[in-house]
Amino acid sequence: MNLFEDEFNSFITICNLNENTKDIEKDLESGLIQNSKIAIKDNISTKDIETTCGSKILSGYIPPYDAFSVSCIKKEGGIIVGKTNMDEFGMGSTTENSAYGPTLNPHDKSRVAGGSSGGSAAAIASGVVNMALGSDTGGSIRCPASYCGIVGLKPTYGRVSRRGLIAYSNSFEQIGPMGKTVNDVEKLFEVISSYDSKDSTSYNNKYIHLSNKNKSKNKKIIGIPKEYFGEGVDSKVSSKIMNAISNIEDHEYEIIDCTIPSLKYALAAYYIICTSEASSNLSRFDGVRYGIKSELNDNWHDSYTNLRSKYFGEEVKKRILLGTFALSENYFGKYYEKAKYVCNLIKNDFSLIFKKCDFLIGPTMPTIAPKIGALSNSLDMYQTDILTVPANISGIPSISIPCGKVNGMPIGLQIMSKWNNEDEIFSLSYEIEEEIKK
Amino acid sequence: MKNENKLIPKIGLEIHCQLNTKSKLFCSCSTDFRNDNPNTHVCPTCLGLPGSLPVLNKKSIEYGIKICLSLNCSISNVGIFCRKNYFYPDLTKAFQITMGEKPLGFDGYLTINEDDNKLKKINISRIHLEEDPGRLVHINNHENSYTLVDYNRSGIPLVEIVTSPDIQSPKEARLFLNKLRTTLEYLDVFDSDNEGSLRVDANISLNGNNRVEIKNISSYRGVEKALTYEINRQTELINSNKFIEMETRHYHEDTGITTSGRNKEKSVDYRYFPEPDLPVIMVSEWVKDINLPELPDIKSKRFINEYLISPHYAYVLTSDINLANFYEMVCNVNPILSSAWIVDILLGELNYRDMKINEIITHKEYIVELIEILNNHLITDKSGVIVIRLILDQIKLGKNVEKPYDIIKRMNLNKESVDSFVDKIKMIVRNNKKAIDDHLSGKKGALNYIVGQVMKETKGKADPAEVHDIIEKLISKKTE
């Protein structure tokens, strides 16, 4: 029996809650998120709960272990209510690429919820849960947060363990908290941002909420990157964001214009590297050990080919082929290696920019949520990532918070800051959230 | 073998050794799986389950650096693990994490002792670490043929050592492997007793013809056999003006022959790229803390200088770290005598009984006692052999082990002064006139025959050298 109606196809698996409360520490009366219902994106391993990554190829896969962040949630009293829908293996920006049907936007069922963590965003926006885990490789938390009018944080790379996150692009992705309000997200972030010695890219910098933060005497500087308000961005969205910024200007912030020229290469570098890593990460799916079972015949090579051709979706196959090509001997230097150089360039540019300012603010997405089926061309879909991928490439933290509506649909305001500065991002987010409520 | 053309082989070896760390290379699964059921030493990481991550076993880097230093390599400043991507049922992630692209150590060498005490340097082009894949077991019976996979081996740390093509004969290859094995055992990074712990691929070309790769050699003897077979095969082809194909061949341990593989590995693109889940290793910071033990060549030199033993005995004693250590535990009474006795007598008796030197460490005082007895000429060499055989048998059977002095007493093995045998000797000389005449007419061995007769008569208690002298005196007296 389901505890709620999944009106928007937010969930792939809904949990039997009686089963779930078994794991919770009985003597822990006040975990940080005691008894809070949490939804988990379906690319995050949950022990004994089916985990599909939105793909048919992993249908029936029951992980024998919990992702590190899931263990953290259980330790602090969180209750897992289900696994949320997503673009297959994280590849997409609308959750239309799921093998289990698209997730609908709770604000308008004819529109997408965003992706790839669309299910998590819709679950929050429709009131089923107040908190969820998503993952963000090129914007997959922030995009659906923006389209669904909720809050989503992509943490600094390495601040949340990736152990248990089914890999798409190891160099870019992070598990991150999504929630109804900034406070929900901050709480969940505190729970999951722990050092994990079993993730070699994790480092020791646990986030702890400080109730009396000493506000620094210095005036904080907000940078407005030219690239975030250019011609690719819907003018109504731009003005909404600019409004919000000017509303807080008198809160003692200095606003400056700035530019990050290397950002024009960001999307290309991103897609080369993430497809390359994905082509390698997804090679293990062959129907032999877990997931959908292979019809093994005399020739293992043919068995693998048949299974992968049949059970991977079109977008996934496309990206595997692109990545295989980019890594191949004759092209490695031209594509992969060059893309890596570009990433370093972008990282350096962000380093420099954060010497001049404390935050960068812009829209999260160039438009409101598109209609279902509107982005049928892959390239059009990739273009929508243009404002979110820079944070993944550089590893800096970035949050999307709701910033009113355009044509009746929510839009998100994106705040980026330097590495490990989630602290100040939250401070500023609370302020803007307050302002917008007025 | 036809000797029409003197064909000089150029042989290079690619050796994979399993390191004897406690845990696998990227997870904490135990490496001690040989006595256990398949798929019982596995975890999400070595099974490559979705979402699993590798965590480097630091000991393996330490071992890798030790190996590079002991093989005289230059060491890279940084170590970078890469993904080598290919599909195969024994590879759980469909990629192998390896340092293959950028080696840990390079431009090293290992010196081997050829028979006539000539030293030869075999250059080592590179050394690096990588993880072992799982193991396939092929089942072929009447109704079914299928393949089973065991992932216990998946993730075991391997060191890959690649030589330059400096090896010029199957025998040199064997000498090289023996020296390598000795060195690795000195470092205590490798257990040669473990089945499958060493695998060798060999590349061989004759006289500038195409290079043939031989894969799947898993024993030391196999290497020499495979190369010998291959040289014969190629020589016959060359002598009949046939073409040598550049190919990969498989060696079959049971039949000793190589057969052609499927040539599919001619140019596989592994799409190497740096492993994004592992950080770069600052190797240069590790190197300063690494200490090497005394290595075989140095130990051998020290034995020669310190104990004044011959190079031959020093070489044999140091070819096995356990043997070298044992020697130093027992040799103090008379190092020279000890070296000869251990190498010429003890080793043979141990081998005959399939015993290892470590099995008698608990009884090392008995060996010291026996060496003392021999040093003081209390018994003959032949009696000494009787004593050691008895002691070893008792140790092997787990019986109560007798001390040498007790054995000598019990079996009445004390060497008796040759004076007490003079009458017996005189009698034997009288009864062997023909042998005496043969000796006087210059026939070699005739005198030894008589000595032998005396030894028989005295049940080995007389010292043969002393008997020899007495007989000579007796004969010369007679002829005066």
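The structure is a predicted model in which local features need pLDDT of at least 70 and side-chain atom pairs count only at pLDDT 80 or more, whereas totals for chains, interfaces and linings use all residues. Residues are numbered from 1 along each chain as its sequence is written, chains are lettered from A and ligands numbered from 1 in the order in which they are written, and side-chain values use heavy atoms, with hydrogens and water left out.

**Figure 1. Chain B, with an accessible surface of about 24,100 Å².** Carbon and sulfur atoms hold 48% of that surface. Chain B contains 16 helices and 14 strands; helices (H or I, at least four residues) and strands (E, at least two) are DSSP runs, numbered from the N terminus. Its radius of gyration, taken over C-alpha atoms, is to be set against a globule rule of 2.2 Å times the number of residues to the power 0.38. Chain B has 29 Å, well over the 23 Å that this rule gives for 480 residues, so the chain is more spread out than a compact globule. Along the principal axes, the C-alpha atoms of chain B fill a box of roughly 95 × 55 × 55 Å.

**Figure 2. Chain A, with 13 helices and 13 strands.** The C-alpha trace of chain A spans about 70 × 60 × 45 Å along its principal axes. Of the 438 residues in chain A, 60% count as buried; buried means under 20% relative accessible area, exposed over 50%, and partly exposed in between (1.4 Å probe, protein chains only).

Figure 3. Pro64(A) counts as partly exposed because its relative accessibility is 45%. When residues up to four places away in sequence are not counted, Pro64(A) touches Lys47(A) and Leu49(B); contact means heavy atoms within 4.5 Å. Lys47(A) is 17 residues from Pro64(A) in sequence, and their C-alpha atoms are 5.1 Å apart.

**Figure 4. Two salt bridges of chain A, Asp66(A) with Lys74(A) and Lys220(A) with Glu424(A).** A salt bridge is a side-chain nitrogen of Lys or Arg within 4 Å of a carboxyl oxygen of Asp or Glu. The closest N and O atoms of Asp66(A) and Lys74(A) are 2.6 Å apart, and both residues are buried. For Lys220(A) and Glu424(A), the corresponding distance is 2.8 Å. This pair links distant parts of the chain, with Lys220(A) in strand β9 (residues 220-225) and Glu424(A) in helix α13 (residues 422-437), 204 residues apart. Lys220(A) is buried, at a relative accessible area of 17%.

**Figure 5. The salt bridge between Arg233(B) and Glu230(B).** The closest N and O atoms of this pair are 2.7 Å apart. Both residues belong to helix α4 (residues 220-239) of chain B and are 3 residues apart, about one turn of the helix. Arg233(B) is buried, with a relative accessible area of 18%, and Glu230(B) is buried, with 0%.

**Figure 6. A network of salt bridges in chain B.** The linked residues are Glu294(B), Lys299(B), Arg302(B), Glu306(B) and Glu328(B). Over all chains, a search of the whole structure finds 43 salt bridges.

Note on methods: Areas by Shrake-Rupley, 256 points an atom, 1.4 Å probe, with all protein chains shown as cover.
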